[in-house]
Amino acid sequence: MTSSASPAPTPRPVLNRRLAEFGTTIFAEMSALALRTGSINLGQGFPDTDGPEEIREAAVRALRDGRGNQYPPGPGVPELRTAIAAHQERRYGLTYDPDAEVLVTAGATEAIAAALLALLEPGDEVIALEPYYDSYAACIAMAGGTRAPVTLRPHEGSFRLDLDELRDAVTDRTRLLLINTPHNPTGTVLTREELTAIAELAVERDLLVVTDEVYEHLVFDDAGHLPLATFPGMRERTVTIGSAGKTFSFTGWKVGWVTATQELTSAVRSAKQFLTYVASGPFQYAIAEALRLPDSYFEEFRADMRVKRELLAGGLEQAGFTVFRPAGTYFITTDIRPLGETDGFAFCRALPERAGVVAIPNAVFYDHREQGAPFVRFAFCKRTDVLEEAAARLKTLGR
C-alpha cells in the first residue's frame with residue numbers, strides 16, 4: 001500500500017539570502033581570541049584611552065542639565081548641527097545649512113547604511129575601493145545593490161588606485177561610488193589627481209557619491225585630506241560622512257553625521273529615521289563643543305598618532321614584516337610573506353598563541369580574497385606602553 005503522506009518540506013533558511021554571506025564578524029572572533037589568550041588586541045580600531053577631559057565633562061554637564069536625556073530632534077540637536085556646518089566651512093570652505101543639509105547619525109556606520117538604503121534601488125551597482133570596511137558590503141546587500149570592487153594594489157610602499165580600472169568598472173547599471181579616504185584598512189590618502197579623476201568620472205556618468213571621511217583629521221607627513229565635495233560638480237552629488245569617534249577618541253558615544261544637499265540629506269534621513277530614529281542625546285552636546293576645540297588639539301592628536309605609528313611600524317619591521325606606512329588612519333597594513341607565511345587568516349588565528357598579539361587578516365575586507373591573503377592589519381591607537389610591549393612580543397616571530 002502506497003503512503004499518501006507528503007514529503008517533509010525543506011527547512012527554510014532563517015537568514016535571508018541577501019545576508020547569507022555575512023556571519024559573525026572577524027572583529028568579534030579576534031576580540032574573543034584576545035580575551036581567551038590574554039593577548040594584546042591590535043585588531044579592532046578603538047583607542048584604549050579616553051579623549052579630552054573637557055569634552056567628557058561637557059557630556060556630564062549635559063546629563064546633569066537634562067539636555068538629551070529624552071529623544072533629541074530627529075536631525076540632531078541644533079548645537080551639533082551648527083558646529084558640524086561651522087567645521088566644514090572653517091576647514092574646507094564648504095557651506096551647509098545646519099537646518100536642512102546636516103544630519104546627525106548613530107556613528108558613521110549608521111550613516112553609511114542609511115545613505116545606501118536611501119539612494120539605491122535593487123540591482124544598482126556600487127563601486128567601492130577594495131579592500132573596504134566590512135559594513136560596506138553588508139549595507140549594499142541590505143539595499144539590494146550589487147558590489148563592483150575596484151582594488152587598491154601595492155605600489156612603491158603604499159596601496160594605490162588604478163584610475164583606468166575605476167573608469168572601466170562603470171557600467172550602465174552603476175548608480176553610486178562609495179569612496180573612503182583616508183582609507184581603512186590600507187592607510188591610503190587619495191591624492192588631488194586621483195580625486196579630480198573620480199570627480200570628473202562622477203560628473204560625466206551622472207553618478208552619486210558617498211564618501212566616508214571619518215579619518216579626516218588623521219593624516220600624516222605630506223598627505224592632506226581633500227573632501228570630494230570641494231571638487232567641481234561634486235557638492236550637489238556627494239554625501240559626506242564624518243564621525244566624532246575617530247577624531248576625539250570617544251568611539252562608544254556613536255556620534256556621526258552626514259552633510260549633503262537638502263535633497264540628498266532628506267533622502268538619507270528618510271531611511272535613518274527607521275533605523276535608530278535618534279541616538280546619543282547628551283553626547284551630541286559634548287561633540288558640538290569638541291568640534292570647536294582649537295587647532296592645537298587636532299595638531300597634537302596627529303602628532304601623537306604619528307609617534308605611535310612609527311613605534312609600531314618599527315617594531316613590525318624588526319619582527320620581519322613588510323610594512324606599508326599609512327599616510328592616514330590609525331592602521332598599519334603588513335605583508336606576512338617575508339615571514340614565510342601566505343595565509344592571513346591562519347596567521348592571525350595562530351598569532352595570539354605564538355606572540356600574544358591579535359591582528360586582523362585583510363582578506364576579510366576583499367571580495368577577491370586571494371588579493372588580500374598575505375596582508376594583515378594592526379591598529380596603533382593604543383597607549384605607548386602597550387605598543388612597546390606588542391612590538392617586543394612580535395620580535396619573537398623571527399627567532
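I started with Thr333 and found its bridge partner in β15 to be Arg377. Strands here are DSSP runs of E, at least two residues, and helices are runs of H or I, at least four residues, numbered from the N terminus. This is a predicted model, where local features need pLDDT of at least 70, side-chain atom pairs count only at pLDDT 80 or more, and totals for chains, interfaces and linings use all residues. Residues are numbered from 1 along each chain as its sequence is written, and side-chain values use heavy atoms, with hydrogens and water left out.

Next I looked at the pairing (two strands pair if DSSP finds at least two bridges between them). β12 (residues 331-335) runs antiparallel to β15, joined by five bridges, one of which puts Asp335 with Phe375. On β14 (residues 360-361) I found two bridges to β15, also antiparallel, with Pro361 partnered by Val376.

Then I wrote down the sheet: four strands, open, antiparallel, in the order β11-β12-β15-β14. β11 (322-324) and β14 are the edges with a single partner strand each, so one side of each has no neighbour in the sheet.

How many residues of β15 (residues 375-379) are buried? Five of the five, so the strand is largely enclosed by the rest of the structure; buried means under 20% relative accessible area, with a 1.4 Å probe and protein chains only. I noted that Phe375, Arg377 and Ala379 point one way, and Val376 and Phe378 the other.

Last, I checked Phe248, which touches Ile287 and Tyr297, among others, leaving aside residues up to four places away in sequence (contact is heavy atoms within 4.5 Å).

Key. Buried means under 20% relative accessible area, exposed over 50%, partly exposed in between (1.4 Å probe, protein chains only).
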